[in-house]
Structures are given as C-alpha cells and as structure tokens.
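Thanks for coming. I will go through a few parts of one structure, and please have the viewer open.

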Amino acid sequence: MTFEIPNLSLALPEIVLLTLTSLLLVADTFWSRTCRDCTYWATQITLLIVGWLVFSDFATQTQVTFDGSFVRDTLSDVLKLFIVVVSIGIFLFSREYLLQHKAYHGEFFVLGLFGVLGMFVMVSAYNLITLYLGLEIMSLALYAMIAMQRHSDRASEAAMKYFVLGALATGMMLYGMSMLYGATGTLELTGIAQKLASGEVDNTVLAFALVFIVIGLAFKLGAVPFHMWVPDVYHGAPTAMTLYLASAPKIAAFAMLYRLLWDGLQLALPDWQGMLVILAALSMVVGSVVAIAQTNLKRMLAYSGIGHVGFVLMGVAAGDAEGFASAMFYIVVYAITSVAAFGLMISLARAGMEFEEIDDYRGLNDRNPWLALMMLFVMFSMAGVPPFIGFFVKVAVIEAAVNAGLVWLAVLAVVMAVVSAFYYLRVVKVMYFDKPAETSRLEPISTQLGLAVSLSASVLLLFGLFPGWIMELCYRSLGLSVVA
Amino acid sequence: MSFEQLVFYAFAAIAAFAGLMVITVRNPVKAALWLVLAFVSTAAVWILAEAEFLGLVLILVYVGAVLVLFLFVVMMLDINLAEMKEGFTRYLPIGVLVSLVVFGLIYMVVGPEHFGLEQFKPTEHGPDYSNTKEIAVPLYTQHAYAFVLAAVLLLVGIVAAIALTLRRRPPSEALYQDIDAQVRVRAEDRLTMVKIPAEVEPDLPENKEEEEGAK
C-alpha cells in the first residue's frame, strides 16, 4: 500500500490552531509570573489568525482530504468562523470573571483553545472516528475547565455530574457508531450514505444504531428527556464556564447533528425523524414550563436553553435542507445571544455578588440604565419579540416545520414561545418596575467590558433590523437560496 | 459444538462473570483484580478471533500498566465503602428489571440473526499473514488524521490532569527545597557576628532577703 501525502493545506486552520495552542501551553509556564495578560492576548491573537486563515481560503465547494476523514465545505467554514467569533467573546468575558474571582490561570485559556480545536474537528469531520475524537477533545477540555475552581464545591459537583453523564452519553454514541459500522461496514459518512442508497443494509441493525446515536446526540445537546444535567451544570459551574458551555459547543453539536444525520444517514430519515420530533416537542414543553418556576437566572437560562434546543431540533426534524438551514440559523443566533446574556451577568458580577438570582436585578434600571437596556435587548431577543433577531430565527424554524408537514409541532412551538415569553418578560419587569433593594448606583464597569457587552447585545437588534445577510449565509452554506 | 466454540464460550462466560464481580464486590482492590481477569479473558477471546495483536496489547497495556496504576491509586485512596454502597440494594430490583429488558432488546438485534456466522464469515488467511501489519498500515496511512487527533486528546488529558491537581502555593505557604540556594549558601549568609557589650549584673540584696524570708 502506498501512502499519499494528504492535502494538508485544507486543514491549515486546524494545524495552525494546534501548533499555536501547544506553543502557548509552553509559553504560559514562562509568562505566568512576569506577564499575566500575555496568555490572554496570545489566545485572542491565535483565534484572530485562525479566523483569518479560514476566511482567506473560504471554501466554495466540497473538498475532502486525509483519506476521506476531513471535509472542507462552505458549511464547515461558516460554522468555524462563527465559532471563532463566539470564542473571542467568551474569552473576553471569561478573563474579566477570572480576574475578579482571583481564579486567573493560563491553563483556562489553553484548555479553551483545545476545546475550540475539538469543535473545529467536529465541524470538519467526515468519518465516525474523527467525529468522535473531536467530540472527546472538546468535552475533556470542558470537564477540566469546569472543575478548575477547586475550592468551590458547587463547581466540583457540576464538573462531576457533567463528566459522568457526558461519559455515559459518549458510551451510548460510541455503541451506536459501532453498530452503524456493523450495519454498513464503513466508517466514512459518504460510504455510509452510499451503502444506504444501495439498499444492502440490515434495517433492524441500522434502526438500533440510530437509537443509540440519537440518544448520544440528545444527551450532548441537552434535549429532554436527557436534559437532567443541564440546569445543575449551568448553575454550578462558574459563570465564565457557563458562558463557554452554552455558546460555542452548541454550534459544534449542530455540526455533529448535520454530519451524522444528513451527510451520513439522510436515507434513514424515516427512522430518525420520529425520534427528533419527540425530543423537540418534549424539550420545548419542559424548557418553557419548568423555567417559570426558577428564581436563579442561570437555572432559568439553562431551561430556556433546553427550550431553544427543542426549537433547533424541530428545524432538524423537518428533515430537509431547509430545515437544517433554519436550525443552523437558530443555533448560531442562540450562541451569540448566550454570549450576550452570560457576558452581562459577568459584567454585573463582583466578587461576593454574583448577580445570579433574578431578585438581584430588581430595579437595575435605576442603578445602571444602560446595562438594564442591554439586558432588555437580550431578553426580548430570546423571547422572540419582532425587531430582534430572536423573532426571525423562530419564524425560520417554524416555517421549515410547517413546510415539512409538521403542523402540530409548529403550533406547539408557537404556544411554547408564548409561555416562555412570560419568564423573559419577568426579568424585564423586575429590572424596570420593581424597587431596588439597594439604591446605590452600581460600580462602573470597565470600558472594554462595557463596549463588549454593548456590542454583543446590540448586535441582536442590529441583526434583527437586517436579518437578510446572516440568514442568507446559513441558507447558502447548505446550498439553498433564501426563500423569505 | 466444536472445540473453538467451547473455548470461546468458556472465556466469554469468565469475562461476563468477572465483569459482574467488578461491580458487586465490596473491596475496590478485589474489584480491580476481577477487572484484570475480565481483561485477560477478553484478550483470549480476541486471540481466538485471530486478532492476536489486539489481544496481546490488551494484556500488556491494560493489565500490565493501566490496572497496576489503578491498583496503586485504589490502595492509596481511603474510600468509604459503606457510603458508596448506599442505595445499591434499594435500586437493585428496578436496575435488574431495566437491564434485563434492555438485554432482551439488544439480544434481538445483536443476536445470531443479524451478526451470526452466516452474515460475517471468518476469512481464511495464508501463513504469511501478519495481523500486526494489517493494523499498522491503515493506522499510519488511512487514519493518520485520527491518529494525530488521538495524540491531541491525550495531550488535553495531561493538561487537564495537571491543571486540576497542581497546587501553586506561594513559597511562604509551603516549604520547598531549593537545592541551588542550599549549595550556594556561605557561612556569612547565615551567621552574623554581633558584638554584645559585656554586662555585669548588680547585686540585688533585697531579693536575697525575700528569698530567705520565704524559706
């Protein structure tokens, strides 16, 4: 067997990211005493370089390398760019939080970059092994980052829960993948698709494999009934980590859904569509109804995240390219909204005053009108109030579901969107109409942080006023022209 | 039943029994030893399936290295067993029920009907067939990308483990031995000669009287 050198230039962003991260890992040990901020800035510069590398060689057609285990297409590049942008936001806010809580370690940023690398691998994976390895690289980095605040019992508990349930989910998924290999005899997603098209596949084994794969995916996404870990982990983890968990990995999880269910198992649609419909319906109901009872903002956002995952799965359950495009549109916007929401919590938080309870936001308008306005943007966007982008993403997934004939699911989605509006608007009511417990003005936040918060929250309004281009980006990357 | 089948079922039964013992014995050291048995019998099954390299690697790496380390860790940790076993008997019936149902369902799919010898016929190999080479060549060519990624995964594991266990304490809190400094030290760094003027204590006649009075 002769060995052909694979086309490495396609994987240049990943190679550069890995090299720079490894360098940073070593450099951090030297810098940690003399120049604390160096690691942070180097992290941001690394992300900018990688983002530029993706952008400068933007793929317009599908190219495969490494013997069919790596793919570069428009979808992968668009998702990678969004991951980079969201990660820059994550690290910006995290640094502030870590400095305030005296938990600033260079390893946080190094592990964060490894997590980004794992996401890149997942987004570009074209066979089952690489998909699994990417997922594991990302998850391992996440477990460690949550547990890094050692003296915090809550963080340790969250890390432990996430680790055990994550390992269980990985086991399920791996078992499903091995069965898929047993049914089709190939690891490559295109090979699996061809095998399915040829009709030589044992359908019982295929359905069995799909059940385990979908369970694994649902666990990772936090869809009901595999959602039990989400509120505890979001609540227990330090806010900087919740911010990470709730944003960029969701984009990568969408990529995994797309690669497995669409690139690989498109022809098994009748088998997985029903499961996804159930997951979507349950997630939307539980996410919307249980969040009403929460008094902690992080828990509330965790349940709202479960609800959002339900909407994404509804788009996927539509089972056509339009459905996937709308789901992608939704998940990207959700990731940006999460950065804005948790970023706001981080900017308000002081050591000893976490701004986690909804009651802490009582009368925020009197204490800091600008931040209250930004929070209003975030809450309106999450609730899906028209001028904000949150409205358009909901319309997109509901339209996809209706076009696919899932009218009852679309009706349920609208009802649940109305129910969830209650708890988003409650936060707004608490900020604007309740009397504050303390009347003192809040300490002013740093200019950098203020700018970042303002930017990430007002982007939601800006995108909402001009939703065309981001929507077009998502639809184009799946080879569709925009319908709306 | 052929001899090969007999051997297979014997080792499979040992592996299953050992696996059951791993999760039921009370002593974690014994559990680790049962795990050794489970691995060894699984390795035997693999060798029977003509995957000699994997079977040997399982014994060398898992039994030889990983489990020995594991045993050390288990012996060093003082785990409270009674606490960990709490709730075991309470949830046992429902656990057994669920696992039996799941086992039945899995058996229907993974049983001989779908994965029997009719569907997956063992291939005959010539005498010059090398199992190791069959694994090595695709591993370093076809799966080169995955191979590198596995290395990255291990690196992340190392970074995570060190980041979670390393305690950077300032030197004032913990005592570290700085051998360089110890070697370089000279007498004048440690010893200071201080001139102390001689003092003569004056007589204290009152004290003497008091002492006598006390007597």
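In other words, chain B has eleven helices and zero strands. One caution before going on: this is a predicted model.

Staying with chain B, 17% of its 215 residues count as buried. As for its contacts, take those between residues at least 6 apart in sequence: 54% of them join residues at least 24 apart.

Now to chain A, and helix α2, residues 36–56 of chain A. How far apart should its ends be? The helix has 21 residues, and at 1.5 Å a residue these should span 30 Å; the end C-alpha atoms are 31 Å apart, so the two values agree.

Several residues of α2(A) are buried, among them Thr39(A), Tyr40(A), Leu47(A), Val50(A) and Val54(A). What do the buried residues pack against? Their partners in chain A are α1 (12–34), β2 (70–72), α3 (74–100), α4 (106–123) and α19 (447–465).

One residue to look at in helix α2 of chain A is Gly51(A). Its relative accessibility is 9%, and the cut-off for buried is under 20%, so Gly51(A) counts as buried. Not counting residues up to four places away in sequence, Gly51(A) touches Leu81(A) and Val84(A). Gly51(A) and Leu81(A) are 30 residues apart along the chain, yet their C-alpha atoms are separated by 5.9 Å.

Next, a pair of helices. Two packed helices are described by the angle between their axes and the distance between the axes. Helix α12 (residues 269–291) of chain A packs with helix α18 (residues 407–433) of chain A at about 25°, and their axes are 8 Å apart. Angles under 35 degrees count as roughly parallel, and α12(A) and α18(A) are therefore roughly parallel to each other. Their crossing is left-handed. On the α12(A) side, the contact includes Val277(A), Ala281(A), Met284(A) and Ser288(A); on the α18(A) side, it includes Trp408(A), Leu412(A), Met416(A) and Tyr423(A). The residues of this contact divide into 14 nonpolar, three polar and one charged.

Last, another residue in helix α12 of chain A, Ser283(A). Is Ser283(A) buried or exposed? Ser283(A) has a relative accessible area of 0%, so the residue is buried. Leaving aside neighbours within four places in sequence, Ser283(A) is in contact with Ala223(A), Val224(A), Ile306(A), Gly307(A) and Gly310(A).

Definitions and conventions. Residues numbered from 1 in each chain as written. Chains lettered and ligands numbered in written order. Predicted model: local features only at pLDDT ≥ 70, side-chain atom pairs only at ≥ 80, totals over all residues. Heavy atoms only, no water. Axes fitted to C-alpha atoms, helices over the stretch in contact; angles between N-to-C directions. Helix = DSSP H or I, 4+ residues; strand = E, 2+ residues; numbered from the N terminus. Parallel < 35°, antiparallel > 145°, perpendicular 65-115°, else oblique. Left-handed = near helix turned anticlockwise from the far one by under 90°. Contact = heavy atoms within 4.5 Å. Nonpolar A, V, L, I, M, F, W, Y, C, P; charged D, E, K, R; others polar. Expected span 1.5 Å × (residues − 1). Buried < 20%, exposed > 50% of the residue type's maximum accessible area, 1.4 Å probe, protein only.
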